[in-house]
Amino acid sequence: MGTKGGTSLIRADKILTYIGRVGSATFSEIVAKLELPKSSALVLLEIMVDCGLLVKNDRNRYVLGLKIYELGCQSFHKKNLFEITRRPMQELSIQAGLICHLGVIENNHAIYLDKIECPSSVPTQESWIGKKLTLHATALGKALLAWMRDDEIEHYIKNIYMNRYTDKTITDIPSFKAELLKTKMQGWAIDNEESKDGVICLGAPVFDIYGRVSYAISISGTTETFSVKYRAKYLDYLLNSAKTISYGLGYRKPFI
């Protein structure tokens, strides 16, 4: 551990962990945050870029490279994402008696990655794996956005069309930002008849090993299903499932 090679490996691990947590960082930020000597840090960063572990973008910020993704895919070969998410989602669907969805952000939309139905849930053809959803009018969209950095939220807000679908759809930026702040503070998201009249959807963030919200899960039902009287019960089911999945992805920090 005390050899030069061992020290470099430890520093490389710290750099990858730090950038994975914050998303991107400049040379100065890395050196200051990790208290690294400038000369050796510069050489190490250049090697990590050459190996594909890091990429230096046009703003001179370091981000994780595709090599990390490739290694992650190999690691998940025997235990992939759906092996981690499927059982908690099945349990959630059975407990709630509702359809459960897993989503991710892609090209300024929320995308369904998985859909779980239970025998007692009402079948629907209105959702399918791969379906695109708006970010501003859905619980999944809000849950995926609310835990992002301010600059990331600004980027998405500038690139989405805040169309109106019902009288309750949020269509102005200040109100939507307030909604995202409320979502983060309470720890869950709600589509309160904002995408379709008579339908309410509850969403929860899923945290990865770096504490970033890479995925979100949701359950949908009628206004009667999610009445104030019963909502707390469904939220408890939803949040417990999100915690279980997050733990499976390596997240170990306290939840809200």
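Predicted model: local features only at pLDDT ≥ 70, side-chain atom pairs only at ≥ 80, totals over all residues.

Q: Which backbone nitrogen atoms does the side chain of Thr 169 reach?

A: The side chain of Thr 169 reaches the backbone nitrogen of Tyr 165 at 3.1 Å. It also reaches the backbone nitrogen of Thr 166, at 2.9 Å.

Q: Where is Thr 169 found, and is Thr 169 buried or exposed?

A: Thr 169 sits in the loop between helix H7 (150-158) and helix H8 (173-186). A residue counts as buried under 20% relative accessible area. Thr 169 has 5%, so it is buried. Leaving aside neighbours within four places in sequence, Thr 169 is in contact with His 136, Ala 137, Asn 163, Arg 164 and Glu 194.

Q: How many helices and strands are there in the protein?

A: The protein has nine helices and eight strands. Its C-alpha trace spans about 65 × 40 × 30 Å along the principal axes. Of its 256 residues, 44% count as buried. Among contacts between residues at least 6 apart in sequence, 57% join residues at least 24 apart.

Q: How far apart should the ends of helix H9 be?

A: The expected span is 1.5 Å times one less than the number of residues. Helix H9 covers residues 228-248, which is 21 residues, so it should span 30 Å; its end C-alpha atoms are 31 Å apart, which agrees. After H9 comes Gly 250, whose phi is positive, near 100°.

Q: Which residues of H9 are buried, and which are exposed on the other side?

A: The general idea first: an α-helix has 3.6 residues a turn, so residues three or four places apart point the same way. In H9 the buried residues are Arg 231, Tyr 234, Leu 235, Leu 238, Ser 241, Ala 242, Ile 245 and Ser 246. Seen down the axis of H9, these buried residues fall within an arc of 135°, so they line one face of the helix. On the other side of H9, Lys 229, Ala 232 and Tyr 247 are exposed.

Q: How do the axes of H5 and H9 cross?

A: Two packed helices are described by the angle between their axes and the distance between the axes. The axes of H5 and H9 come within 9 Å and cross at roughly 170°. An angle over 145 degrees counts as roughly antiparallel, and H5 and H9 are therefore roughly antiparallel to each other. Residues of H5 including Ile 84, Thr 85 and Leu 92 meet residues of H9 including Tyr 234, Leu 238 and Ile 245.

Q: What does Thr 85 touch?

A: Thr 85 lies in helix H5 and is buried, with a relative accessible area of 0%. Not counting residues up to four places away in sequence, Thr 85 touches Leu 102 and Ile 245.

Q: At roughly what angle do the axes of helix H6 and H8 cross?

A: The axes of H6 (residues 139-146) and H8 cross at roughly 75° and come within 9 Å. H6 and H8 are therefore roughly perpendicular to each other. The contact is made by Lys 142, Leu 145 and Ala 146 of H6 with Phe 176, Glu 179, Leu 180, Thr 183 and Lys 184 of H8.

How values were computed
Residues numbered from 1 in each chain as written. Heavy atoms only, no water. Helix = DSSP H or I, 4+ residues; strand = E, 2+ residues; numbered from the N terminus. Buried < 20%, exposed > 50% of the residue type's maximum accessible area, 1.4 Å probe, protein only. Arc of directions from axis to C-beta. Polar contact = N/O pair within 3.5 Å; in protein donor to acceptor, adjacent residues only side chain to side chain. Contact = heavy atoms within 4.5 Å. Axes fitted to C-alpha atoms, helices over the stretch in contact; angles between N-to-C directions. Parallel < 35°, antiparallel > 145°, perpendicular 65-115°, else oblique.
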